[in-house]
Amino acid sequence: MPSYSRIVDPLYRNMLNFIDAEAKHADLLRDTLIASKGYWGYSQEQLEIWRSNLRFEEEYITCNTVKLILEDKEVIGFFAIVKGDADELDHLWLLPKAIGKGYGNLVFERILLECNALEISSFYIMSDPDAEGFYLKKGALKIGEVYSEPQKRMLPKLKFTVVPLSGTL
């Protein structure tokens with residue numbers, strides 16, 4: 001049975017639910033990522049190139065922490081944490097209609113809870129340039145840049161140190 005939990009925004013009383021992604025959600029993950037990137041003004045041509053080359057394999061979904069983000073019962077985004085030699089927040093995407101509502105802050109809180117549960121003390125983020133400011137405000141530090149072959153450009157490489165929390169999932 002998939003893991004299910006929720007976080008309530010005390011200011012707006014919006015409820016976000018988090019459920020484990022499954023292999024059957026691969027296309028949903030891809031389409032959510034592309035729709036989110038579309039918010040930042042990329043051309044439709046570029047978005048379609050990325051869509052045609054992007055695959056979420058079953059192994060990736062089952063071997064990593066991949067969570068769908070739901071507002072009520074509607075998927076509004078997802079995140080993925082890869083635990084390994086270099087732990088990484090590999091994805092955090094919200095649909096355009098969910099951007100600017102404070103949901104990113106709530107989701108990031110959830111990511112930190114997941115990191116604590118996974119005993120991750122720090123993680124890397126290869127950020128989309130448009131999201132770099134968000135992560136820097138959350139406390140990440142820019143430590144360099146990495147080349148993205150699919151995007152044919154340099155991306156900010158960030159590092160976030162997790163403060164151990166006493167709360168539970």
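Predicted model: local features only at pLDDT ≥ 70, side-chain atom pairs only at ≥ 80, totals over all residues.
Q: Why is Arg 110 called buried?
A: Arg 110 has a relative accessible area of 3%. Buried means under 20%, so Arg 110 is placed in that class. This residue belongs to helix H4, which covers residues 103-117.

Q: What makes the pair formed by the side chains of Arg 110 and Glu 114 a polar contact?
A: The two side chains are 2.5 Å apart at this contact. The limit for a pair of N or O atoms is within 3.5 Å, and the pair therefore qualifies as a polar contact.

Q: Why are helices H1 and H2 called roughly antiparallel?
A: The axes of H1 (residues 26-38) and H2 (residues 44-53) cross at roughly 160 degrees. Angles over 145 count as roughly antiparallel, and the two helices are therefore given that description. Their axes come within 10 Å, and the crossing is right-handed.

Q: Which residues make the contact between H1 and H2?
A: From H1 the contact involves Arg 30, Asp 31, Ile 34, Lys 37 and Gly 38. From H2 it involves Leu 47, Trp 50 and Arg 51.

Q: How are the residues of the contact of H1 with H2 divided by class?
A: The contact has four charged, three nonpolar and one polar residue.

Q: Why does Asp 130 count as partly exposed?
A: The relative accessibility of Asp 130 is 35%. Buried requires under 20% and exposed requires over 50%, with partly exposed in between; Asp 130 therefore counts as partly exposed. The residue lies in the loop between strand E6 (122-126) and helix H5 (132-138).

Q: Which residues is Asp 130 in contact with, leaving aside its neighbours within four places in sequence?
A: Asp 130 is in contact with Trp 40 and Tyr 42.

Q: How do you know that Asp 72 is exposed?
A: Asp 72 has a relative accessible area of 55%. Exposed means over 50%, so the term applies to Asp 72. Its place is in the loop between strand E3 (65-71) and strand E4 (74-82). Asp 72 also has a positive phi of about 55 degrees although it is not a glycine.

Q: What makes Glu 119 count as exposed?
A: Glu 119 has 70% relative accessibility. The cut-off is over 50%, and Glu 119 therefore counts as exposed. Glu 119 lies in the loop between H4 and E6. Its phi is positive, at about 60 degrees, although the residue is not a glycine.

Conventions
Residues numbered from 1 in each chain as written. Heavy atoms only, no water. Helix = DSSP H or I, 4+ residues; strand = E, 2+ residues; numbered from the N terminus. Buried < 20%, exposed > 50% of the residue type's maximum accessible area, 1.4 Å probe, protein only. Polar contact = N/O pair within 3.5 Å; in protein donor to acceptor, adjacent residues only side chain to side chain. Axes fitted to C-alpha atoms, helices over the stretch in contact; angles between N-to-C directions. Parallel < 35°, antiparallel > 145°, perpendicular 65-115°, else oblique. Left-handed = near helix turned anticlockwise from the far one by under 90°. Contact = heavy atoms within 4.5 Å. Nonpolar A, V, L, I, M, F, W, Y, C, P; charged D, E, K, R; others polar.
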